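Reader: I've just opened this entry and I'd like someone to walk me through it. Could you show me the sequence and the model before we start?

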Amino acid sequence: MKKIAGSIIVKSAIILFAVFCVITVIRLQFKNNDIKSEISEMNEKLEEAEKNLDDLKRQADEPYDEEYISGVAKDKIGLRYPDEVIFYNNK
């Protein structure tokens, strides 16, 4: 009788350990998938930031001539020349 009880305990322990291992592997797989999606999102953000940095470097390398200054004044501040007439198209 003791052999049977010991055998059942050993088999139960092995089954519980196997179930524990399977659950752990499944949890790790889900965590791995989450980390991979985070890496993908971070890579996209990095590419966007590098593109913005390239644009800023290009803008910084442009000369500050009269045309550039008047363009910034028109676009950013809304300034116009005194003899300039603006027409708006409200579609």
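Reader: Let's start with I14: in which element does it have its place?
Author: This is a predicted model, in which local features need pLDDT of at least 70, side-chain atom pairs count only at pLDDT 80 or more, and totals for chains, interfaces and linings use all residues. Residues are numbered from 1 along each chain as its sequence is written, and side-chain values use heavy atoms, with hydrogens and water left out. Helices here are DSSP runs of H or I with at least four residues, strands are runs of E with at least two, and both are numbered from the N terminus. By that rule, the place of I14 is in helix α1.

Reader: Is I14 buried or exposed?
Author: The scale calls a residue buried under 20% relative accessible area, exposed over 50%, and partly exposed in between, using a 1.4 Å probe and protein chains only. I14 has a relative accessible area of 53%, so it counts as exposed.

Reader: What about V10 and N90, how many Å separate them?
Author: V10 sits in helix α1 and counts as partly exposed because its relative accessibility is 48%. Between V10 and N90 there are 80 residues along the chain. Their C-alpha atoms lie apart by 82 Å.

Reader: So what radius of gyration does the protein chain have?
Author: Along the principal axes, the C-alpha atoms fill a box of roughly 110 × 35 × 15 Å. The radius of gyration is taken over C-alpha atoms, and the globule rule is 2.2 Å times the number of residues to the power 0.38. A compact globule of 91 residues would come out near 12 Å, but the protein chain has 34 Å.

Reader: How much of the protein chain counts as buried?
Author: The protein chain has 2 helices and 0 strands. Of the 91 residues, the share counted as buried is 2%.

Reader: Which residues form the nonpolar patch on the surface?
Author: Patches are made of residues with over 30% relative accessible area and no salt bridge, joining like charges within 9 Å and nonpolar side chains (Val, Leu, Ile, Met, Phe, Trp, Tyr) within 5 Å. One member, I23, is in helix α1 (residues 2–61), and it counts as partly exposed because its relative accessibility is 45%. Together the members have about 270 Å² of accessible area, and they are I15, V19 and I23.

Reader: Which two side chains meet in a salt bridge?
Author: Side chains of opposite charge can pair when their charged atoms come close. A salt bridge is a side-chain nitrogen of Lys or Arg within 4 Å of a carboxyl oxygen of Asp or Glu, and the count comes to 1. With 4.0 Å from N to O, the pair is D55 and R58.

Reader: How exposed is R58 in that pair?
Author: D55 counts as partly exposed because its relative accessibility is 32%. R58 is partly exposed too, since its relative accessibility is 45%.

Terms used: Areas by Shrake-Rupley, 256 points an atom, 1.4 Å probe, with all protein chains shown as cover.
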